[in-house]
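Trainee: Could you pick one part of this model and go through it with me slowly? I'd also like to see how that part connects to what surrounds it, with the cut-offs spelled out.

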Amino acid sequence: MKIKDIEKYIREHTQADDFICFVSENESHETRFAQNGITQHIAGPKLSISLELSFGEKSGSCRVNQADEASLDFLIKTAEDIARLAPADLEHMPSAGPAKLPKVENCAKATMKLKPKTMVDIVQKSINKAIAANALVSGMCEKHLLKSWTFTKNGFAGSNEGSSFGHSMTLKKGEVETKVSYEAKDYAPFDLDQEFARLKSQAKALASMQSFEAQKIAVILRPEALQELIWYMTWMMNRRQSDEGFTAFTGQMGQKFLGEKFSLYSTLKHKSLSAFPFSSEGLPSTETTWVENGVIKNMPANRYWAQKVGCEPLHIFNMYIPGAESSEEEMMKMVPRGLIINRFWYIRAVDMKVGELTGMTRDGVLYFEDGKIKHAVNNLRFNEIPHEMTRRILALGAEKLASPAMIAPTVLVDGFNFVDKTTF
Amino acid sequence: MKYLDLAMSAATSLGAEYADIRIQKTTDQVIFLRNLSLKSANTSVLNGYGIRVFKDGAWGFAHNKVFNDEAVLATVQKAFDIATLSASVNKKKKLRLAPERSYIASYKTPVKIDPFEVPLSEKVELMMEVNRTMLAFEGIKQAVFYLIAHKDEKLFASTLGTRLDITYQFIDPMITATAVHEGDSQSRTFDEGGRAVGWEWIQSLNLIDKARQVAEEALIKVKAESLGPETRRTLILDPNHLGLTMHESVGHPTELDRVLGWEADYAGVSFATPEKLKNFRYGSEIVNFVGDNTLAEGLATMGFDDDGVPGQKWHIIKDGILNEYGSTRDTAMEIDLGYSRGCNRATYYYDQPINRIPNLYLLPGTQPLTPGELIADTEDGVYIQGRGSFSIDQHRVNFQFGGDFFWEIKNGKLIRPLKKILYKSCNPEFWNSCDAICDQRFWRPFGVVNCGKGQPSQTARMTHGSAPARFRNIRVGGSQ
């Protein structure tokens, strides 16, 4: 059954007072390689049809992955049965009505045209380069095409088509281990030679490792590293959680709670940045300022909470953190000594109320002194509070697409709190 | 089902050295209640099949949701084509499969009351009562009940002649109370981590009493003090805390695919490399870890894995020494093991199975020892219950854990509750610092239902377990 037929069938067959339906189709090809050979290789289509409906304030939902009449009957009946049995939801909201949605371009032709044979050739070339470098490479080459539709009883209708291409490589040579990755909606700019050159360069810089004790020290966070901290910070920046007293952001709306040099937006203007045109509740994605020069301008809030507290319902659909022009070389001269961090790993919240996170560095840490890289050091554990960290930003570097939904700069941060070290 | 034979016959005709088909219907019911508001009551049914073809030392895996002859044959062809493409890459690097015999068998999780047969109204009524009980305590600002019921119905066939019919189920209740007091917010959670049992387990838990306890302890916790700077202290860890610590610091490092570097690009590798087998002191002499996919009520107990290998029981760490890994048919042969330990599991029909942690538990102490005696024998330490923050490096060496509830121990007594406690340690220091484990009477299972691993990401389930155990000279202190 096609999407229009699914919509028609659900509209005709449900007795519910209200509903929202989300349909997605995904076609993927995923080639996983490790230690210079392919270990997994997966392809196939996926379908998901989710229906959430209500009788008055009583709601139920169901999801199936088949679009025949019997499955849709099951979908509708199961959701209706649940809704009839459920208690009234004190926070029930009617579904969204018609909305003007932004035009977005999340699909790239080059990604859509990418064939499995080409992807396997990329893997073979990645492995050949590793063999030539007398090293082992592990990674992933993947392509995803996604189509999704949302419609409601009250007349909301939205759709999105997206593509993504990802390629990552972790190189192991002797004791050195480091990684590069490319992840974007568009395959066209991907340049394996350039990626491998970056990988080799990182590996070379890490060759002479020296032991380094955990301490508070200046760090240059590359975009991939900053991205991971900011994802967690925005997760804790939820309006309701803050209003209810559960996070560090309680009472900070409109306050200069973050650093002067830090701003954060969701935007539809950057062509390379993916942007889903609407939220799961049917809210159109709009240009949003979350933080400007350290001042919290907005926090994400769903429709229920927005109505309750009288704010605008907003969602984070991507993140843009503006950078500036400081190069890593210039940053290294701004502080006596410090570390360059490629990525973090295994970040977890330590204290939600304080906003404290823990995690490890990964894929290479470099020590610099007197404006120059001296040597690599072992990986380190941090316990750090990202919003406080933004107050210690000394300089911003060039911004870069860190993932399909995040543009972030390199930043120089003073006094980053490392608390432990590991053995490699 | 006719598609099993059709697919295996087609794969053989195409020239597959080995192939299997897994027809899998997964049903999940998730109910989420927050402050008496039903945030989610959802049933999800995912039905389809995945076909693996092994050819020239390489895998191809294709999945589909369309059930007819044409679609099944097309999916076999796709898996075969992908395997052929895989085999064209680095022909010197060929995988091998450990020998395995064929089985014709069925397995069904023993369930007295099927959770899917319990009316939603009965479930929600209980959950509301639990919520109300917690919210009745002044200072409790958030009460949450999260309930998952899960069922996999699988038909498996392989070109070895194996035919399996498996119905696997688990249920997982989790309740949390959050208290807010003088600018701080602290939660306390009841979480056993899920079990492969039916609704009868929920009935036996007396969740109303648990709700009162959780609320009271959240209020105690939010008013508690922290510990101050980190120093070396003794830890006594409860089974429902130690489950996660063993998961991260023993379970993952002994997955053979990580040891081989197959997860190097994502989840990471392992310090517990093959040359350490049978000689590396992973823990003190009292530390014995068993992999056991036959464990009653275990989340990884499902008769057979997704290679068609039966559940087994074996020592992973024996008398403190690294003994063996959790393995699959393809990883086992990389270290010439010659057999698989049956640890290949997939989440949904569209997932290619990967090497997962088995049910893995710490054997209890052999001498009679109660938790009370263990605390009485400890001069200065911290007793930790429940899951908290957790983080470990990608070689599985350095780690930091929090917990859910803490007591300071002084001179053999629990003297005051604490909050915001963290401990830091590393392998093999941590397990070598274990100097006492309570006896069998105090052994408790702890399930993990959300073990994320792999690219594309998958979620696996397994049960851990232990009796309360003591660890000496660990870095323990308050968070920032």
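Mentor: In chain B, strand β14 (residues 360-362) runs parallel to strand β23 (residues 458-466), and 2 bridges link them. L360(B) has H464(B) as its bridge partner in β23(B). Strands are counted as paired if DSSP finds at least two bridges between them, and the elements themselves are DSSP runs numbered from the N terminus, with helices being H or I of at least four residues and strands E of at least two. Before we go on, keep in mind that this is a predicted model, where local features need pLDDT of at least 70 and side-chain atom pairs count only at pLDDT 80 or more, while totals for chains, interfaces and linings use all residues. Residues are numbered from 1 along each chain as its sequence is written, and chains are lettered from A and ligands numbered from 1 in the order in which they are written.

That pair belongs to an open sheet of 6 strands in chain B, ordered β11-β10-β9-β14-β23-β22, with mixed pairing. The edges are taken by β11 (321-322) and β22 (444-453) of chain B, each of which has a single partner strand, so one side of each has no neighbour in the sheet. Across the sheet lies helix α6 (residues 239-251) of chain B, which covers β9 (289-292), β10 (313-318), β14, β22 and β23 of chain B and runs at about 120 degrees to β23(B). For such angles, axes are lines fitted to C-alpha atoms (for helices, over the stretch in contact), and the angle runs from 0 to 180 degrees between N-to-C directions.

Now step out to the domains. Chain B is divided into domain 1 (2-223) and domain 2 (231-478), bounds that come from an automatic or database domain assignment. Their C-alpha centres are 21 Å apart. Where they meet, 42 residues of domain 1 of chain B are in contact with 39 residues of domain 2 of chain B; contact means that the C-beta atoms, placed from the backbone, lie within 7 Å. On the domain 1 side of chain B, at least two residues each come from β1 (18-34), β2 (37-55), β3 (58-64), β4 (104-108), β5 (140-158), β6 (163-181), β7 (184-191) and α5 (207-223). That side holds 19 nonpolar, 11 polar and 12 charged residues. In this scheme, Ala, Val, Leu, Ile, Met, Phe, Trp, Tyr, Cys and Pro are nonpolar, Asp, Glu, Lys and Arg are charged, and the others, Gly among them, are polar.

β1(B) and β2(B) run antiparallel, joined by 17 bridges, and I23(B) stands opposite Y49(B) in β2(B). Their hairpin has 2 residues between the strands, and N35(B) there takes a positive phi near 50 degrees. β2(B) is also antiparallel to β3(B), through 7 bridges, with I51(B) partnered by A62(B). This hairpin too has 2 residues between its strands, and D56(B) in the turn has a positive phi of about 50 degrees.

β2(B) also reaches across to the other chain: β3 (residues 58-64) of chain A pairs with β2(B) in the parallel sense over 4 bridges. The partners there include V64(A) with V45(B) and S61(A) with N42(B). Overall, 70 residues of chain A are in contact with 64 residues of chain B. Strand β2 (residues 37-55) of chain A gives the most to the chain A side, with 10 residues. That side divides into 28 nonpolar, 25 polar and 17 charged residues.

Finally, α5(B) has a helix partner. The axes of α3 (residues 120-135) of chain B and α5(B) come within 8 Å and cross at roughly 30 degrees. These two helices, α3(B) and α5(B), are therefore roughly parallel, given that angles under 35 degrees count as roughly parallel, over 145 as roughly antiparallel, 65 to 115 as roughly perpendicular and the rest as oblique. The crossing of α3(B) past α5(B) is right-handed, the term used when the near helix is turned clockwise from the far one by less than a right angle, with anticlockwise giving left-handed. From α3(B) the contact uses L126(B), E129(B), V130(B), T133(B) and M134(B), and from α5(B) it uses L207(B), I208(B), A211(B), R212(B), V214(B) and A215(B). By class, that contact of α3(B) with α5(B) has 8 nonpolar, 1 polar and 2 charged residues.

Notes
Contact = placed C-beta atoms within 7 Å.
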